[in-house]
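Please keep the sequence and the structure in view while reading.

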Amino acid sequence: MKIAISGKGGVGKTLLASLLARTFAESGFSVLAIDADPDANLAATLGFPHPEKITPLSEMHDLVEERTGARPGQAATYFRLNPKVDDLPEKYCLEYNGIRLMVMGRIKKGGSGCYCSENTLLRALVTHLLLARDEVVILDMEAGIEHLGRATAKAVDKLIVVVEPGRRSIETAYRINKLAQDIGLQKIAIVANKIRSQSEREFLISNLPNFQFLGFIPYDQAIVDADLANLSPVDSSQQVANEARNIYQALLSTAQEPSKKS
Ligand SMILES: Nc1ncnc2c1ncn2[C@@H]1O[C@H](COP(=O)(O)OP(=O)(O)OP(=O)(O)O)[C@@H](O)[C@H]1O
Ligand SMILES: [Mg+2]
């Protein structure tokens with residue numbers, strides 16, 4: 001199963017990616033979590049030791065040059081558009097608590113003509129991970145879907161947009177939905193986070209009438225406290241973990257049944 005997670009800044013994308021990675025791993029699936037947010041903090045949220053020492057792939061300039069033929073930042077008249085990437089997951093993923101992680105780093109933005117060498121490598125890698133790998137892949141993205149394209153849209157079993165009670169995250173959900181439609185990605189669903197009351201829940205349902213909701217994660221001060229204490233929030237709240245299990249079940253029943261680890 002391939003799950004991509006997007007949504008407005010700060011809504012809880014990384015928390016959800018971590019909770020789902022943990023739940024799938026505990027259920028016996030082989031899980032690869034991908035941090036595709038330039039402001040990477042999935043490693044810390046999953047409790048990986050020394051997350052600050054992890055070098056994102058986009059900053060491995062020797063590797064980018066070796067695979068694409070062009071060094072990041074240097075003007076190149078030629079570089080490979082289909083670099084070899086199939087050996088990168090084994091070489092560059094980290095493992096902790098049964099979860100494997102790859103940190104991608106910054107995708108450079110620019111016009112549609114922004115074909116720099118590190119973007120090419122990252123896109124090729126994401127495409128490979130989504131199309132060729134037989135495992136649960138969880139992609140923690142930013143408030144867009146830059147890492148996805150038409151080729152990968154079909155491979156994504158669910159694009160989850162995280163929202164919180166507030167108009168701005170709803171507007172972002174509509175924007176992401178539009179981007180998803182543009183690349184032919186129909187399998188989009190909502191997870192509501194930081195819910196404190198029934199009226200907040202109803203606010204989101206009534207403002208996102210045509211969307212499927214996979215679950216509603218309560219607001220829990222224990223998550224904030226864990227963050228302040230520099231502890232992994234994934235183990236800090238039983239009620240949040242319970243809802244993560246419900247979302248996991250909803251994913252299994254609405255997306256194709258993934259193959260279990262043998
Ligand atoms: N259910 C919750 N209850 C309380 N606090 C929460 C909850 N979910 C997330 N938070 C807090 O909100 C903040 C943002 O969460 P998180 O980093 O998961 O969001 P994000 O969408 O990945 O943010 P960014 O856009 O910066 O990557 C964190 O400090 C986290 O501890
Ligand atoms: Mg995040």
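Does Ala 153 count as buried or exposed?

## Basis of the description

This is a predicted model, in which local features need pLDDT of at least 70, side-chain atom pairs count only at pLDDT 80 or more, and totals for chains, interfaces and linings use all residues. Residues are numbered from 1 along each chain as its sequence is written, chains are lettered from A and ligands numbered from 1 in the order in which they are written, and side-chain values use heavy atoms, with hydrogens and water left out.

Ala 153 counts as buried because its relative accessibility is 5%; buried means under 20% relative accessible area, exposed over 50%, and partly exposed in between, with a 1.4 Å probe and protein chains only. The residue lies in helix H6 (residues 150-153). Helices (H or I, at least four residues) and strands (E, at least two) are DSSP runs, numbered from the N terminus. Leaving aside residues up to four places away in sequence, Ala 153 touches Ile 183, Gly 184 and Leu 185, where contact means heavy atoms within 4.5 Å. Ala 153 and Lys 187 are 34 residues apart in sequence, and their C-alpha atoms are 9.0 Å apart in space.

Leu 129 belongs to helix H5 (residues 117-131). With a relative accessible area of 0%, Leu 129 is buried. Its contacts, not counting residues up to four places away in sequence, are Lys 2, Leu 32, Ile 34, Pro 89, Met 102 and Val 137. Leu 251 is 122 residues from Leu 129 in sequence and 19 Å from it in space, C-alpha to C-alpha.

## The eight-stranded sheet

The strands form an open sheet of eight, in the order E3-E4-E2-E5-E1-E6-E7-E8, with mixed pairing; two strands pair if DSSP finds at least two bridges between them. E3 and strand E8 (213-218) each have a single partner strand and stand at the edges, so one side of each is left without a neighbour in the sheet. On average, neighbouring strands are turned by 25° against each other, direction ignored. Axes are lines fitted to C-alpha atoms, for helices over the stretch in contact, and angles run from 0 to 180 degrees between N-to-C directions.

Asn 97 lies in the loop between strand E3 (94-96) and strand E4 (99-103). Phi of Asn 97 is near 55°, a positive value in a residue other than glycine, and Asn 97 counts as partly exposed at 49% relative accessibility.

## Strand E6 and its neighbours

In strand E6 (residues 158-163), six of six residues are buried. Lys 158, Ile 160 and Val 162 cover one side, while Leu 159, Val 161 and Val 163 are on the other, and all are buried. Strand E1 (residues 2-7) runs parallel to E6 and is joined to it by five bridges; Ala 4 stands opposite Leu 159.

Five bridges also pair E6 with strand E7 (residues 188-195) in the parallel sense, with Val 162 opposite Val 191. The chain passes from E6 to E7 through helix H7 (residues 167-182), a right-handed β-α-β crossover. Right-handed means that, with the strands pointing away from the viewer, the path from the first strand over the helix to the second runs clockwise. E7 and E8 run parallel and are joined by four bridges, and Ala 192 has Phe 216 in E8 as its bridge partner. E7, H8 and E8 make a right-handed β-α-β unit. Of the six residues of E8, five are buried.

## Helices across the sheet

Helix H1 (residues 13-26) lies across E1, strand E2 (31-35), E4, strand E5 (136-140), E6, E7 and E8, and runs at about 170° to E5. Helix H8 (residues 198-207) lies across E6, E7 and E8, at about 155° to E7.

## The largest pocket

The largest pocket holds about 750 Å³ of space. On a 1 Å grid over the protein atoms alone, a pocket is an open set of points where a 1.4 Å probe fits, with protein on both sides within 12 Å along at least five of seven lines; lining residues have an atom within 4 Å of a point. Grid points are joined across faces, edges and corners, and a volume is the space filled by probe spheres set on the points. Of the 28 lining residues, the closest to the centre are Leu 15, Asn 41, Thr 45, Asp 227 and Pro 233. H1, helix H2 (42-45), E7, E8 and H9 each give two or more residues to the lining.
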